[in-house]
Amino acid sequence: MAKGLDELTREQLVELLEITAKDTIALDGTWFQSLEAEQGMDTAMEHDRAAWRRFVPSEVQRLKKLLELPDACGLEGLAAALPLRCTSLANEWEIAWEEDGALLFRITDCRVQNARARKGMGFHPCKSVGILEYGEFARALDDRISCECVSCFPDVTDETCNCAWRFWMVE
């Protein structure tokens with residue numbers, strides 16, 4: 001299926017992976033902006049949430065298989081999987097462990113918001129999509145993981161990042 005990859009160097013494979021992640025985000029943004037222009041932000045957001053709701057479970061299954069994660073992988077499994085998501089590969093991010101054992105994931109430089117700013121468009125109101133996307137991703141990895149939005153447009157509480165998500169275990 002991936003003919004030609006075996007002739008690439010490791011550095012070229014890493015670069016190709018980054019290009020593919022950026023292309024995936026660009027494609028996602030292109031269809032969203034098309035729908036937004038034609039039918040408005042509310043309709044585009046409904047479709048965006050529906051698309052991520054369908055995509056996240058398959059993304060989780062592929063990453064669980066790749067990383068050989070058990071169903072009860074906990075926050076350690078989440079910390080291993082989050083950096084490998086297509087959205088993570090396309091953006092700048094950081095992970096921090098909090099004193100209470102919770103995991104904080106922050107997007108510090110977002111391609112979607114940067115592209116909209118370059119085009120003179122308003123920021124993407126991604127909080128409702130992010131709640132679904134990050135919450136469902138975590139629960140699909142391990143149904144004991146809960147997620148909350150710390151900061152995300154339009155409810156920005158942390159100006160040092162584009163969005164921040166907090167994860168913790170519920171027993």
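The second largest pocket has a volume of about 380 Å³, a volume being the space filled by probe spheres set on grid points that are joined across faces, edges and corners. A pocket is, on a 1 Å grid over the protein atoms alone, an open set of points where a 1.4 Å probe fits, with protein on both sides within 12 Å along at least five of seven lines; its lining residues have an atom within 4 Å of a point. The model is predicted, with local features needing pLDDT of at least 70 and side-chain atom pairs counting only at pLDDT 80 or more, while totals for chains, interfaces and linings use all residues. Residues are numbered from 1 along each chain as its sequence is written, and side-chain values use heavy atoms, leaving out hydrogens and water.

Thirteen residues line this second pocket, and L17, L63, L84, C86 and L89 lie nearest its centre. Helix 1, helix 2 and helix 4 (86–90) each supply at least two lining residues; helices (H or I, at least four residues) and strands (E, at least two) are DSSP runs numbered from the N terminus. Helix 2 provides the largest share, 5 residues. The lining comprises 8 nonpolar, 2 polar and 3 charged residues, where Ala, Val, Leu, Ile, Met, Phe, Trp, Tyr, Cys and Pro count as nonpolar, Asp, Glu, Lys and Arg as charged, and the others, Gly among them, as polar.

The largest pocket holds about 580 Å³ of space. Of its 32 lining residues, I25, D28, C110, R111 and V112 lie nearest the centre. Helix 1 (10–39) gives the most to this lining, with 8 residues. By class, the lining has 14 nonpolar, 10 polar and 8 charged residues.

Helix 2 also packs against helix 6: their axes come within 9 Å and cross at roughly 25°. Axes are lines fitted to C-alpha atoms, for helices over the stretch in contact, and angles run from 0 to 180 degrees between N-to-C directions. Helix 2 is therefore roughly parallel to helix 6 (angles under 35 degrees count as roughly parallel, over 145 as roughly antiparallel, 65 to 115 as roughly perpendicular and the rest as oblique). The contact (heavy atoms within 4.5 Å) includes W52 and L63 of helix 2 and F137 and L141 of helix 6. It has 10 nonpolar, 1 polar and 7 charged residues.

Helix 3 (residues 74–81) and helix 6 (residues 127–141) have axes that come within 9 Å and cross at roughly 125°, so helix 3 is oblique to helix 6. G77, L78 and A81 of helix 3 meet F137, A138 and L141 of helix 6.
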